Amino acid sequence: MNRPLERATRVSLVTAAILLALAPPARAVNFDTGDSDLKLRWDNTLKYGAAWRLKEADASVATPATQPNVDAGDMAFGKGLINNRVDLLSEFDARYQAFGARVSGAAWYDHVYRQDHNDYPAAGHPPNALGTPNGQFTPATRKLMGRKAEFSDAFVYGGVDLGNRKLTVRAGRHTLLFGETLFLGANGIAYAQGPVDLIKAYSQPTAQFKEIALPVNQVSTTLQVSPALSFSGYYQLEWRSLRLPATGSYFSPADFVGDGADVLLLPTGAAAPRSADRKGRKGGQFGAQVRFKAGDVDYGLYAAQFDEKAPVPVVDGTTGTYALYYQRKVKTFGASLSTVVGETNVAAEASIRRGTPLAPLGDLIITVNPSADNDGNTPYALGNTFHANLSAISVFAANGLWDGASLVAETAYNRLLKVTRAPTGIPGAVPDALNTTHSRDHLAARLVFQPEYFQVLPSLDLQVPIGLGVGIYGRSAVFQLVPEKGGDLSIGLNVEYQKLWKAGLQYTHYYGRGGPAPSLDPATSTNASYRQYYKDRDFLSLSVQRTF
Amino acid sequence: MQRKTFLLGFTAAALLATGAAQAAVSADEAAQLKTTLTPLGAERAGNKDGTIPAWDGGLKAAAGARMGDLPVNPYPADKPTLKIDAKNLAQHTARLSEGTQALLKKYPDFYVNVYPTRRSAAAPAYVYDNTLKNATRCKTKDAGMSVEGCFGGVPFPIPKDGTEVMWNYLLRVEPESANYGFRNLVISADGVRALATRNDIWWQYPYFYKDGSAETWSGEYFLERFNATEPPYKAGESLVIRDSIDAKNPRQAWQYLVGQRRVRRAPTVGYDTPDFVASGANYFDEVQGFLGHLDRYTWKLVGKQELLIPYNSNVLVTSKVDEAFGKHFLNPEKMRWELHRVWVVEATLAPGKRHAVPKRRFYLDEDSWTLALMDGYDAEGKLWRTSQVPSFAMPSVPAVLQKPAAVFNLQAGTLSAVQMLNDEPFKVTPRKAESFFTGDAVAADAAR
């Protein structure tokens, strides 16, 4: 970015360093309540993060001739700073015997998104947003990406012993995950339980899942019948969507999704304003699991109904508007197992989804059905799909190359079993809803291999996480986990000092055939894209954190 | 001074356990547990010098202050009778392990304060009864990697080989259930001490259930669950471990990763895997001195000798964390060393197995079957690591128990102090439902 911003980074770096250094040596605040059964603790994690773009925007990704809706974020940033942020995570826990409460909140400030102008040309391009001139972030983008504070968890819990059985209940905003998936939960049972925050996932490579998971209001319970058998269930009182990067932000995949998005430019040159989202419901999402153990294997059986967390963008040809649809009442059934093979934890999970939208991220639907909805009368195709994940966690002993190392790897597969609804278009004008370029099967993998080095210098431990995502095969009709024959590669250097300070430096490279999401392919008359839409967005990130 | 008293000697060939179940001792031999041997299998008599007294029933009560259920100092009148440091080390080498000698040479400010020997080991009556039964019914099987017919007491009070001694160690006297907090501290080569983690832990010992029996016992000898409270980014992380005599499947473990909000079967939480609970500063099997299955090594019984070992270490174990440490070691002023007869067992890598520490030497107290010292050697046979296990007297059980361990890496100059009880009350508790010790229970209870 421009020079004043670089100066601002230096100032912020110094400020952050001072803030962190001045902090008291105390760790978590543990209140002495004088009652050993009552435990209170309050942890605050302060994190400074900066990230830099390493390549200029590539026209084939940002400004292809057939797709004017994917440049706002990509072209808002030249090479250089893309994040310059301070994050605070505050966690308060109270526990009295088997009962307790937890409240946590997050606040952040990113100077990059609080500036008046960005690198997007002020003139010469159609508008990226209706109310905001090009070259500026929309107010919603400035807020979500630049300065916000919010509650995360807020729940109470309790447990009662019923003889040798135990019943636990929790109520309020909390995260719950079923199944055995790790990185590729979008392909698993876990997808039914809750949405995630993709902004944090992208901008804080070292963030833990607890920071990325978006908790929802729900009541959940577990009955532990014996060491070998338990039942769990939940009922959600709230629906939240996946949190996508706001429009015009660096990782925004398309200008018409995410906070601040309000217009979609049609191939005709017309601008379709955004109409109300077709959201999920406040009630009606629920699920249950049975977990049991036989021999050395843990098994799980699952059933759930959920409303989609990922939007399907739909252009309404009758009104000239577009809306984001979140399909309701998707049902999923599955089973899992987890065991140790040799020295490796191996877990497998298989599930079926019924009534799931056949419009993977990167697809754009055009409809002329005036009464289209996100329930039974969908503008997009629906179907039944099969999903399977296989994952492994291995820990390695010391050798000449490392003091310790871990490998976490997961592959995910999905298959279109049956198309149950396939709205047709108008030949020559509106494509059929189900894109014609998908394959029946999709296979992807993701792994993190992390060698560790202890006491490299006194009190200083080092980790070198190496991450790889690969789209091995196929163009999914339901969920493209990694771009076809593409993916991402990252290498990091994490430092832990005196178990108090953590710092990380990470380089992320996106590979594969570049292209926008979505693209309009005149040959196949479909908008679905399986290309690497972050092709030009390699970046370097730095973070320093400590908890007080 | 070269007065090693090897009371038992066996050729290595006789020690290599065969696939068949190993015979227990005869009823006549077992009867020694009521005469010349203590009920747990130690020599009842003192030594000739009078420096080891006869066993008089052990410590069953202690007056004075307590941390939780743990008496702060059961022997307040005792004073050190000898101080061994680098200067007078040469006169005392016969009664010092190689690891202790190495520490004395490496750190000029390290010393060994020798106290009068107090044979505090004892056990509840039902444990004595079971030990007597075990003597004639308990056998090793699966080439020594499992046992059968044992319950509720020392399995091999009159051991015939190294594997039996190690089973006595693994199945040493414990209460039915216990709960405490612990800290792992890592001391770097420059003497800076860092808290790696603090945890709350629950242990349960189905092998010592008062209403159990050899017939009804599941084979699981301990259940363990702990929950990290420090550092904050680890708070809520949990590990459940269930160890069993099943030779094929000796350990099942589940891990709750707070960052993932998920419980998974944990891979290789054992052997020479760097202990992620202590941030890799020690191996998993160095926790509590030695923790886990025997299958990586061949176990040779070297014999028995008189050795200065940390013992009745209640003062060290209950002192404030700042007082428990010297610069590179546990505070010598708080440590209590005593002369005891120890079983010496040498572990060498079993054929086809792998371990970062290819050879180890174990020194186990004859009275309690606790591990006192362990030396580890590298592939060149050079002393590399040494562990001190400050066991403590717990008269309310009654038993001598071991939890903390100081793991020295002599080459790196580091110390990993594992499961230190300083500033933490240790409590013997009523039994919990066994379903408490499961991954699903951890997931259901996890607030973070």
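This is a predicted model: local features need pLDDT of at least 70, side-chain atom pairs count only at pLDDT 80 or more; totals for chains, interfaces and linings use all residues.

Trainee: What makes two residues count as in contact?

Mentor: Their C-beta atoms, placed from the backbone, have to lie within 7 Å. For the complex, the predictor gives an ipTM of 0.81 and a pTM of 0.87.

Trainee: How do you know whether chain A agrees with a compact globule?

Mentor: Set the value against the rule: a compact globule with 548 residues would have a radius of gyration near 24 Å, and chain A has 24 Å, so the two agree. Its C-alpha atoms fill a box of roughly 70 × 55 × 45 Å along the principal axes. Inside are 5 helices and 25 strands, and 50% of the residues of chain A count as buried. Of the chain A contacts with a separation of 6 or more, 67% join residues 24 or more positions apart.

Trainee: And what does the globule rule say about chain B?

Mentor: For 448 residues the rule expects a radius of gyration near 22 Å; chain B has 20 Å, which also counts as agreeing. The C-alpha trace of chain B spans about 60 × 55 × 50 Å. Chain B has 7 helices and 22 strands, with 60% of its residues buried.

Trainee: How confident is the predictor about chain B?

Mentor: The average pLDDT of chain B is 91, and 94% of the residues score at least 70. Residues 1-19 of chain B are another matter, with pLDDT below 50, although that stretch has 33 contacts in the model beyond near neighbours in sequence.

Trainee: Why is B:Gly149 called partly exposed?

Mentor: Count its neighbours: B:Gly149 has 16 C-beta neighbours inside 10 Å. Buried takes 20 or more and exposed takes 12 or fewer, so a count in between is partly exposed. B:Gly149 sits in the loop between β6 (146-148) and α5 (162-170) of chain B. Leaving out residues up to four places away in sequence, B:Gly149 touches B:Arg137, B:Cys138, B:Lys139 and B:Ala214. B:Trp217 is 68 residues away from B:Gly149 in sequence, yet their C-alpha atoms are 9.7 Å apart.

Trainee: What makes a set of residues a nonpolar core?

Mentor: The members must be buried and joined through C-beta atoms within 7 Å. The largest such core has 135 residues, and B:Ile309, B:Val345, B:Tyr363, B:Leu364 and B:Ala372 touch the most other members. Beyond four places in sequence, the contacts of B:Val345 include B:Met166, B:Trp299, B:Leu301 and B:Phe362. There's also a second, separate core of 92 residues, with A:Val61, A:Val315, A:Ala323 and A:Ala372 among them.

Trainee: How do you know that β11 and β12 of chain B pair?

Mentor: Pairing takes at least two bridges. Strand β11 (residues 251-257) and β12 of chain B share 4 bridges, in the antiparallel sense. In that pairing, B:Leu257 stands opposite B:Arg262.

Trainee: Which way do the residues of β12 (residues 262-265) point, and are they buried or exposed?

Mentor: B:Arg262 and B:Arg264 point one way, B:Val263 and B:Arg265 the other, and all are buried.

Conventions:
Residues are numbered from 1 along each chain as its sequence is written. Chains are lettered from A and ligands numbered from 1 in the order in which they are written. Helices (H or I, at least four residues) and strands (E, at least two) are DSSP runs, numbered from the N terminus. The radius of gyration is taken over C-alpha atoms; the globule rule is 2.2 Å times the number of residues to the power 0.38. pLDDT is the predictor's confidence in each residue, from 0 to 100.
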